[in-house]
Amino acid sequence: MFIGDLDKVVNLLLSLSGRLARVENALNNLDENASPEERRILEEKQKLLTQQHEDAKELKENLDRRERIVFDFLANYLSDESLADYEHFVKMKSALIIEQRELEDKIKLGEEQLKCLTDSLQPDRPK
């Protein structure tokens, strides 16, 4: 259960971080002529995402405490070598989730760029 929760919380943090960054970029790049309503909507999204991100960080802190409890429990049943393997697995799990997300983002960006390039190379069709 702990490993499943670790997977979910790390993915949640990554998702919220990405969404928050996109909203902050949109706010920073907002045109001077943008309507106050558009700015207000983005600021509300930013506030909501910031709160959700804080909540997710709290979940991660609770999960870190659970990790220590699980580790102490397993220390009573596993050999030192097996316990070291488990500890390495837990550390690598988070790192690999992060790397997987980065690769998925790069693939998505590449696909979007390829589509734009393909669209720009197609001659205009007569209407």
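Buried means under 20% relative accessible area, exposed means over 50%, and partly exposed lies in between (1.4 Å probe, protein chains only). The model is predicted: local features need pLDDT of at least 70, side-chain atom pairs count only at pLDDT 80 or more, and totals for chains, interfaces and linings use all residues. Residues are numbered from 1 along each chain as its sequence is written, and side-chain values use heavy atoms, with hydrogens and water left out.

**Exercise 1. Find what joins R40 to E44, and classify both residues by accessibility.**

Step 1. Locate them. Both R40 and E44 lie in helix α2, 4 residues apart, about one turn of the helix. Helices are DSSP runs (H or I, at least four residues), numbered from the N terminus.

Step 2. Recall the geometry. An α-helix has 3.6 residues a turn, so residues three or four places apart point the same way.

Step 3. Check the pair. A salt bridge needs a side-chain nitrogen of Lys or Arg within 4 Å of a carboxyl oxygen of Asp or Glu. The side chains of R40 and E44 form one, at 2.3 Å from N to O.

Step 4. Classify. E44 has a relative accessible area of 44%, so E44 is partly exposed. R40 is partly exposed too, at 35%.

**Exercise 2. Decide whether H53 is buried or exposed, and list what it touches.**

Step 1. H53 is found in helix α2.

Step 2. Use the cut-off. The relative accessible area of H53 is 15%, so H53 is buried.

Step 3. List contacts (heavy atoms within 4.5 Å). H53 touches L13, L16 and S17, leaving aside residues up to four places away in sequence.

Step 4. Widen the view. Other buried residues of α2 include L42, L49 and A56. The cover over the buried residues of α2 includes α1 (2-28) and α3 (80-121).

Technical notes
Helices (H or I, at least four residues) and strands (E, at least two) are DSSP runs, numbered from the N terminus.
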